[in-house]
Amino acid sequence: MLFVADAIEKARKKRLRVVLPEGDDPRIAEATARIAAEGIAEPLVMGAGAVPDGVTALSDTFDTGPLVEVILANRPGKPSLAERMLKKPLFRAGAMVAAGQADAMVAGVAHATRRVIEAAGLTIGMAEGVRTASSFFVMLVPERAPLIFADCALNVTPDAEALADIAVATAGSAEALLPEAKLTFLSFSTHGSGSGASVDLVREAMALAGPRLPCPFDGPMQADAALSSTIAAKKGVEGDVAGAANVLIFPTLDAGNIGYKLVQELAGAQAIGPFLQGFARPVCDLSRGASVDDIVAATAVTLAMA
C-alpha cells in the first residue's frame with residue numbers, strides 16, 4: 001500500500017478541507033475521525049451528530065448567498081431554484097467546493113454515481129476544455145509500479161471527442177499521482193496492424209487530444225506492446241511510451257471494465273477507485289459498498305490531486 005501511503009503524505013502536506021455530505025452513515029463517521037486524527041485533511045461533515053476533534057459538523061443553517069452565486073454561474077436561472085438545490089446535501093457540498101469553502105468533495109456511499117455527477121456538474125462544473133465526466137482506477141499490480149486505467153466505469157461508447165476528453169482528464173490525474181505519466185490509447189491494432197471503425201475512432205481521439213496532453217503519449221497500441229518493452233520491440237514499435245506505458249486509455253467501457261476486473265482476478269491486483277475526473281475541482285464518487293479503509297484511501301488520493 002505504498003501508493004496510498006504516498007497519497008496520504010501528499011494530502012497531509014497540503015492541509016486541505018474535504019466536505020462529506022453523507023455524515024449520517026456510520027462509515028463516514030468512522031472514516032472522518034481517522035482522516036482528522038491522521039492529519040490527512042480537515043473533514044467538513046453534513047448530517048453528523050457528535051463529532052470527534054478535528055471534524056467540523058456543518059449546521060443546517062448557513063449563508064446561502066455565496067453558494068447560490070456559484071450555482072447560478074454554472075446554471076443560470078432563478079435564485080429560488082438554487083436555494084432549493086442547496087437543501088440537498090450533494091448540491092450544497094459541490095457548491096461549497098466551487099465557492100472555495102472546501103477543497104474537494106467525497107460522496108457516494110448513500111447516493112448513486114449519476115447523482116454525484118449531476119451535483120458536481122451543476123455546481124463545480126467541468127474543467128476548461130473538457131465536456132465529458134469520466135473515471136479512472138489506480139491499479140496496484142504485484143511487483144509493478146502503479147497503473148491508471150480509464151474509463152472503466154462511466155462512458156459506454158465514447159465518440160472521438162469524449163475519448164479525447166477522457167485522455168486529457170486522465171493525463172491530468174496521472175500527472176498529480178505518478179512520478180512520470182506515459183499514456184497509451186489502447187486498441188486491437190498497433191500502429192496500423194489492423195483497421196476498422198474503432199481504430200479510426202482512436203486515431204481521431206488522439207489527434208483531438210494530442211495538443212492538450214501534458215505527458216508523452218502513443219497509439220493506437222495493443223496492451224502487450226504498451227506494457228512490455230520486449231513485445232514492443234518485436235512489433236517494431238519505438239518511442240518513450242511503447243513498453244513503458246502506465247496510463248491506459250480504453251476505447252470503450254466494455255474493454256475498460258473487463259480489463260480492470262481481469263487484472264484484479266488473474267494478477268491479484270488491487271483496484272482503487274473509481275475516481276471521477278474532468279471537473280474543475282476534485283470530486284470522488286465512493287462505491288456504496290465502500291469500507292472505512294476505502295473511504296480513507298479514496299479521500300487521500302482525491303486530495304493528492306487537489
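**Close-up views of a cavity and of salt bridges**

**View 1. The lining of the largest cavity.** In this predicted model, the residues that line the largest cavity divide into six nonpolar, one polar and two charged. The lining is made up of Ile71, Leu72, Arg75, Pro76, Gly77, Lys78, Leu81, Ala82 and Met85, and the space inside this largest cavity comes to about 40 Å³. A search of the whole structure finds one cavity of 30 Å³ or more. Helix H3, which covers residues 65-74, and helix H4, which covers residues 79-85, each supply at least two residues of the lining, and H4 gives the most to it, with three residues.

**View 2. The salt bridge between Arg281 and Asp103.** The structure holds twelve salt bridges, and in the one formed by Arg281 and Asp103 the closest N and O atoms are 3.8 Å apart. Arg281 lies in the loop between strand S10 (270-277) and strand S11 (283-285), whereas Asp103 lies in the loop between helix H5 (89-98) and strand S4 (104-107), so the pair ties together parts that are 178 residues apart in sequence. Arg281 is partly exposed, with a relative accessible area of 27%, while Asp103 has a relative accessibility of 15% and counts as buried, because the cut-off for buried is under 20% relative accessible area.

View 3. Asp200 and Arg203 form a salt bridge in which the closest N and O atoms are 3.5 Å apart. Both residues belong to helix H8 (residues 197-209), and because they are three residues apart there, about one helical turn separates them. Asp200 is partly exposed, with a relative accessible area of 46%, and Arg203, at 36% relative accessibility, also counts as partly exposed.

**View 4. The salt bridge between Asp224 and Lys235.** The side chains of Asp224 and Lys235 meet in a salt bridge, with a distance of 3.1 Å from N to O. Asp224 is found in helix H9 (residues 223-227) and Lys235 in the loop between helix H10 (229-234) and strand S9 (247-249), so this pair ties together parts that are eleven residues apart in sequence. Asp224 has a relative accessible area of 33% and is partly exposed, and Lys235 likewise counts as partly exposed, at 35% relative accessibility.

Technical notes:
Residues are numbered from 1 along each chain as its sequence is written. This is a predicted model: local features need pLDDT of at least 70, side-chain atom pairs count only at pLDDT 80 or more; totals for chains, interfaces and linings use all residues. Side-chain values use heavy atoms; hydrogens and water are left out. On a 1 Å grid over the protein atoms alone, a cavity is a set of points where a 1.4 Å probe fits but cannot get out, and a pocket is an open set with protein on both sides within 12 Å along at least five of seven lines; lining residues have an atom within 4 Å of a point. Grid points are joined across faces, edges and corners, and a volume is the space filled by probe spheres set on the points. Helices (H or I, at least four residues) and strands (E, at least two) are DSSP runs, numbered from the N terminus. Ala, Val, Leu, Ile, Met, Phe, Trp, Tyr, Cys and Pro count as nonpolar, Asp, Glu, Lys and Arg as charged, and the others, Gly among them, as polar. A salt bridge is a side-chain nitrogen of Lys or Arg within 4 Å of a carboxyl oxygen of Asp or Glu. Buried means under 20% relative accessible area, exposed over 50%, partly exposed in between (1.4 Å probe, protein chains only).
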